[in-house]
Amino acid sequence: MTTLTHAIPYGRQNITDDDIAAVTEALKSDYLTTGPRVDAFEEKFAEYIGARYAVAVANGTAALHLCALALDVQPGTRVITTPITFAASANCVRYCGGEVWFADIDPETLTLDLERVRQLIESRPKGFFHGLVPVDFAGYPVDLEAFRALADEHGLWIIEDACHAPGGWFTDSKGEEQWCGNGNYADLAIFSFHPVKHIASGEGGMITTNDKALYERLKILRTHGITRDRGNLRYPDHGGWYMEMQQLGYNYRIPDILCALGTSQLSRAEEGMQRRQEIAQRYDTAFSTDDFRTANIKKIHGVPSADRRHAFHLYVIEVADRRGLYDFLRDHEIYAQVHYVPVHTMPYYQDIGYEEADLTHSERYYSGGISLPMYPTLTNEEQDFVIDRIKEFVRG
Ligand SMILES: *Cc1c(COP(=O)(O)O)cnc(C)c1O
């Protein structure tokens, strides 16, 4: 039996000497915040994803909040999202006083079930709902072409929460690769640069869009609703110092220092993606052997397909005895994690009236789902150690 002397988390960042050099250079420059490195990061990120515009912000949650503001979410605005996501995908609607409605997931893809969303929309009068927030959960790219068609039928906007999927893509009906967040089908998309995500900047987030008007609005909202754009002032005659606060915005800026790190990390995004695909393939291969065909493993969510690139932020399996496996792995210093406790079961959402929600697939998935270690610097030896421990566990 292999033994390891260190703990294995479910995800972690990879900081190289080049990253450190990039940050050091930023620290020695004239700008600590809002300088040329913000623009460079936005430009490179937009190019990577294939979107026209990108706005870098303080974190992924700020990105979601700004999207909700830019789309005029307010009391009375009703938005549909999935319960299998990080709470912020729903909270952004609540920040603006809007109503969150949860629709169930497809048990195969673990993402919003298009038909369930359709049923929910059609169960109410026309105009009742205003927007959708699909999430590329675990890195599985949602078929946004289908969601766009549904949204257009009912006049809804779409915010794609692509935090798990920079570099993921699906193939649309014309046979074209549609990268998550490229803005071809969603109005806005958001990403996070938290250390467990593909690209780490410490804290950080990005909004991408192909809509110029939304882009301009986001840039102003990011910095207090203040503009100094000469051509765009209500009172242009004050003088050179004048800045105008035109809306109620926030300070959701991201420092230049962090953008230096983000850009440096971004240059290795495809490398990291390749390694994630290899790790997923190795798990898939291991779990398809006879040793693993016990009643304890209920489902694996790896299986790659030719018509999409799963970005594998997470590698998820469903097991009969999840608590048992979780605790067993912890005893061996393998820190698997559970994504996510369904958002509608959180006390905050229970208190505002979600006790009755019919979200069977989400709750069933939550009862057995567990995310295994998945990050580019996970070595084959470490992964084999994880696989061997799971094998030990499922065999009883
Ligand atoms: C990480 C994450 C967020 C929030 O990003 P932060 O940068 O942590 O604020 C939102 N949605 C999903 C799906 C995430 O994974």
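Which helix gives the most residues to the lining of the second largest pocket?

1. Basis. This is a predicted model, in which local features need pLDDT of at least 70, side-chain atom pairs count only at pLDDT 80 or more, and totals for chains, interfaces and linings use all residues. Residues are numbered from 1 along each chain as its sequence is written, and side-chain values use heavy atoms, without hydrogens and water.

2. Second largest pocket. α3 (60-70) gives the most to this lining, with 3 residues; helices are DSSP runs of H or I, at least four residues, and strands runs of E, at least two, numbered from the N terminus. The lining comprises 22 residues, with Thr 61, Phe 86, Ser 192, His 194 and Lys 197 nearest the centre. A pocket is an open set of points on a 1 Å grid where a 1.4 Å probe fits, with protein on both sides within 12 Å along at least five of seven lines, and lining residues have an atom within 4 Å of a point. Domain 1 (17-266) and domain 2 (269-394) each provide at least three lining residues, the bounds coming from an automatic or database domain assignment.

3. Largest pocket. Its lining has 18 residues, and Lys 219, Arg 222, Thr 223, Ile 226 and Arg 228 lie nearest its centre. α7 supplies the largest share of this lining, 4 residues.

4. Ser 201. This residue sits in the loop between β9 (188-192) and β10 (205-209). Ser 201 counts as buried because its relative accessibility is 1%, buried meaning under 20% relative accessible area with a 1.4 Å probe and protein chains only. Its side chain reaches the backbone oxygen of Glu 203 at 2.7 Å.

Notes: Buried < 20%, exposed > 50% of the residue type's maximum accessible area, 1.4 Å probe, protein only. Polar contact = N/O pair within 3.5 Å; in protein donor to acceptor, adjacent residues only side chain to side chain.
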